[in-house]
Structures are given as C-alpha cells and as structure tokens.
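Please have the sequence and the model open while reading.

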Amino acid sequence: MSLRSSLLVLFLAAAPAAAQDVLLKVEADKPGAKIDRHIFGQFAEHLGHGIYEGVWVGPDSDIPNTRGIRNDVVAALKAIKVPNIRWPGGCFADEYHWRGGIGPKERRRAMVNTNWGGVIEPNTFGTHEFFDFIEQVGADAYVSVNVGSGTVQEAAEWMEYMTAVHPTALAQERVGNGRKAPFQVPFVGLGNENWGCGGAMSADYYVDLMKAFARYTRNYDPDQKSKLIAVGPDGAKTEYTEAVMKAWSERVWSWTIDGLSLHNYTLNGWPPSVKATGFGEPEYAKFIEETLGMDTLIRTHSAIMDKYDPEKEVALVVDEWGAWLAPAEGTNPGFLVQQNSMRDAILAALNLNIFARHAERVRVANIAQMVNVLQAMILTDKEQMLLTPTYHVFHMYVPFQDAAFVPVAFDKGRYTVGDVVLPRVDAIAAKAADGTLWVAVTNVDAGRAVEVGLEVAGFDAASARGLLLTAPRVDAVNTFEAKDTVAPRPVTLSNGRLQLPPHSVAVVGLKPR
Ligand code: AHR
C-alpha cells in the first residue's frame, strides 16, 4: 500500500476496543480552497473605549506606549497575527471626515460621536496614528470611506493623500505631516450599512452612488492595489446582494468591486439583552442555535452571488460578526461594553469553522470588535489588560491562516436542550504550508464530555499536539482579578483519541513523518 493511498488510524494500535463518541474522517489527501488569513480580521471603530484607552493612550501616558499606542495591546495582537484591521467604523465611518484627523494636534477637529454615546471625539487618533498602529501590529489596513455624509471628492482625496507617490499637493501634505512613503491600503470599504445608519438608502440608490465611489476612490500608487468592498446585505435581507451583484455583472470598464460586505450579529433579539455571564443552559443553547444560522445566511447570499459571479471573483466579506450582548452594568450603553465567556469562545470557533467551509467565497471577515467593544479580543482597564476567551480561540486558530481546507466527515451527534437541538460537535481541518495537518474540534455540549477518534487518509503522522480551551463553567469569564480562568492548556491524543471536556475547543497539529 503506497503512503498516499494508505489509511492511517492514528495510534490506533494502542487504542482500546471501545468505540469513541465521534469519529472524524479527515481526507488529508483532498486539500481544497485556501482558508484566507483575512477571515481572521478585526474591526476597530471609534466607539467607547475601542480606540481611546484600548489602543491609544497618548505619548505622555504612564501606560507603556510607542508614540501613544499601547505596547501591551500591540504585543497581544501580534501574537494572534491579525491580518487586517477595519477602521474607522462602522456607523462612525459615515460621519468621519478624514481632514479633521491629520496635522498638528492643536488643529485636530473635535466632533460629537453621534452614534456612540454622544461623547466628544477629539480626532487625536487619525490617519497617521492608525497606520502607525497597524504597522506596529503587522496588519493590513481596511479603511472605510464616508459614503453616507461624505462626498466622492472627499473619499478620492483621502485615497490620494494616503497613497500618492508623485509630489501632488496632497502627497506633499502627507510628507509634511511626517510620512514620506505612501501608506499601504489593501482594502477599502465603500460606506457602511448604507441601508441603515449610513443613510437608509434604497439598494438602487446606493448602487448608483457606489459606482461613482468605486470609480474615483483610486489607489494612486502603481505598486499597490486596493480591493474595493461594497455594502451588501443586512443579515438575511437580499435586496442589496441582488442589486450590487446585478450591477457588477453589468459593469462597464470604469468601475468594479472586489467584495460584498455582510453584517450579522448573534443577538437573540433587539435591543441586545442576552447576559454576558450568569446565563443558563437553555439561554446558551438558544444563542448557539442563532449563531449557527451564519451558515444558512452565507449560503443564501452565496447563491445570489453565484448567479451573477459563478467564477467567485467577488468575495463575500463578513466584516461585522460576533455576539452582541446586554451592555455591562454601570457602563455607558452607547459604548457597547460586554464581558466575554467560554460561550463566546465556542461561538467564535463555530463561526470561523463556517467561514472556513465557505473558503471559496468568504475571503475576508472581521469580528466586532477588537478591544473593549462587543465580542472583544482584549479588555483594558487603565494600565491593566486581559485576554478574553475569544482571543484564545483566535490564537489557537492561527495555523489555519492561509492553510488549505481539508474535508472532514463525521456524525455531528445531537445536543438537545428543551426544544433546541444542536450538533454535539463541530470540526474542521486544514493543511498548512509546512505540511502540518491541523484539526479543530469544538464540543458544543455544555454538559457532556466527548471522546473523538481521528481517521486520517493520506497522511503519515509522526506526532500530535495542540491546545485545549475550556473552563469550569460555560459562562466563565476572565476578569482583571482572575485573568486566566479561561486559558488554553496543552493537549495531545491519548490512545489515539482526543478527550474534550464539556464546552471546549481543541486545536491539534499532526506533524508529518
Ligand atoms: O459594531 C457596532 C455597529 O454595528 C457598527 O457601527 C455598525 O456598522 C453595526 O450596526
């Protein structure tokens, strides 16, 4: 039997005869689409303490910083290899005027952040500070231009300011403000939720406007290309998907787009009232049930996109997703502060798995939001910082960035809570460039452990090790007093099986022999 055609049941020689709960049949010999690293993107809006305090403390702060940007936050984000950061919003983007955020500090234009708490936005963190930040992190820029209350001219000039290589007036202004080389702008969002906070536009109205933005929002640097992302659907509504994709299929030479945005939060109703912690199993199950709807949503919009774009040239960009919970007690409700539990880590893993399964179409995604807002990676309190359970999932999933999706067949089982029936387990696999086969398994069941067997076709494994994330309770959170209540620990296969405690996520790498 040749190595490639061999069926390897990992370490089964040592395994007892008893059957495992779930058998994952990993087809390592059938690698598929690349899981784009950009599905692990972040979103950082001028909202609450997402930017100010979370990222920016100013150069005079006692909190260790580099040119005003927190060193601890940068180090944590580097460790999860953040591929791109979407900025400055969100709803904020459609009221943002970039000129207010450049030049000497005393000339920055203070404005009211009408969307988020009605507080003063000092514009201290502007274009140069954003690029300094993402360059420290090593992430790509995803800049959203103002379609709702801005003009085509304003967006075009911002692009010229950021990217012009020739000594145009705007390029010289940029140099005068301390930046000689053009900024790299790989992604540009053409507005944000223009069906809602971005001007409540009909799909047809947005499409006409978007074409002009797509035409003139140019990258002026011949050595770079910006991918343009149009506003797409609000959850399950399909008007924008139809209108934008139809227009794209009938486009003329002067404009195009590269992506269509989809926003979808897990909420269990509006206004958001689901508790961050202290919830029971029925609430947990209902929340997870809703989040799994992301798959249907992607299928629905992908089917429309396939009709106009069978070659999948336009990416579906899920640039706002995550858990939106009740605001933390005692906080400004407009700041969207929420704790982050083991449930949210499971939610993150399930959504990342869904994106990976749709890797051919979903090529960018941004969890909302990076620091101190909604389903954050990081929470800060003055000089303190903690990593949330969701952060740990992103950390564990780093090996999936740009790896080739590998099919896994398994019986998902049933996890029943009242009238909610969920899959008991979920899993994905991928092959990394160095040949390592990575398997991620989630035990969704909050009450029962699961024993997972691995059957790997076309792969000769020399060793297996990885990380397991779980917690004493599914609603466990990390606090500034106890930062590691939910933290990953090493895991390996024992007797060829992976033991997953209730409500847990494991990522295991199998090294080739
Ligand atoms: O992430 C918070 C808000 O949710 C964003 O500003 C907006 O785009 C969405 O409605």
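## The largest cavity

The lining of the largest cavity is made up of 5 nonpolar, 2 polar and 1 charged residues, where Ala, Val, Leu, Ile, Met, Phe, Trp, Tyr, Cys and Pro count as nonpolar, Asp, Glu, Lys and Arg as charged, and the others, Gly among them, as polar. This is a predicted model, in which local features need pLDDT of at least 70 and side-chain atom pairs count only at pLDDT 80 or more, while totals for chains, interfaces and linings use all residues. Residues are numbered from 1 along each chain as its sequence is written, and side-chain values use heavy atoms, with hydrogens and water left out.

The residues that line this largest cavity are Tyr96, Trp98, Val145, Asn146, Thr151, Glu154, Ala155 and Trp158. On a 1 Å grid over the protein atoms alone, a cavity is a set of points where a 1.4 Å probe fits but cannot get out, a pocket is an open set with protein on both sides within 12 Å along at least five of seven lines, and lining residues have an atom within 4 Å of a point. The volume of the largest cavity is about 40 Å³, a volume being the space filled by probe spheres set on the points, which are joined across faces, edges and corners. Helix α3 (residues 152–163) provides the largest share of its lining, 3 residues; helices (H or I, at least four residues) and strands (E, at least two) are DSSP runs, numbered from the N terminus.

## The second largest cavity

Searching the whole structure gives 2 cavities of 30 Å³ or more. The second largest cavity holds about 30 Å³ of space, and among the 13 residues that line it, Arg86, Gly191, Val231, Ser261 and Asp319 are the closest to its centre. Two or more residues of this lining come from each of β10 (187–190), β11 (227–230) and β12 (259–266), and by class the lining has 5 nonpolar, 5 polar and 3 charged residues.

The largest pocket has a volume of about 510 Å³. Of its 28 lining residues, Glu193, Tyr265, Trp270, Glu320 and Trp324 are the closest to the centre, and β12 gives the most to the lining, with 3 residues.

For the second largest pocket the volume is about 380 Å³. Its lining has 19 residues, of which Thr331, Val337, Asn372, Thr380 and Phe480 are the closest to the centre. At least three lining residues come from each of domain 1 (3–32 + 405–512) and domain 2 (37–402), with bounds that come from an automatic or database domain assignment.

## Nonpolar core

Within the largest nonpolar core, which has 138 residues, Phe133, Trp321 and Tyr397 have the most contacts; such a core is a set of buried Ala, Val, Leu, Ile, Met, Phe, Trp, Tyr and Cys residues joined through side-chain atoms within 4.5 Å. Helix α9 (residues 342–357) gives the most to this core, with 11 residues.

## The disulfide

The whole structure contains 1 disulfide, a term for a pair of cysteine sulfur atoms within 2.5 Å. It is formed by Cys91 and Cys197, whose sulfur atoms are 2.2 Å apart, and the link is left-handed, with -95° about the S-S bond. Cys91 is buried at a relative accessible area of 12%, whereas Cys197, at 36%, is partly exposed; buried means under 20% relative accessible area, exposed over 50%, and partly exposed in between (1.4 Å probe, protein chains only).
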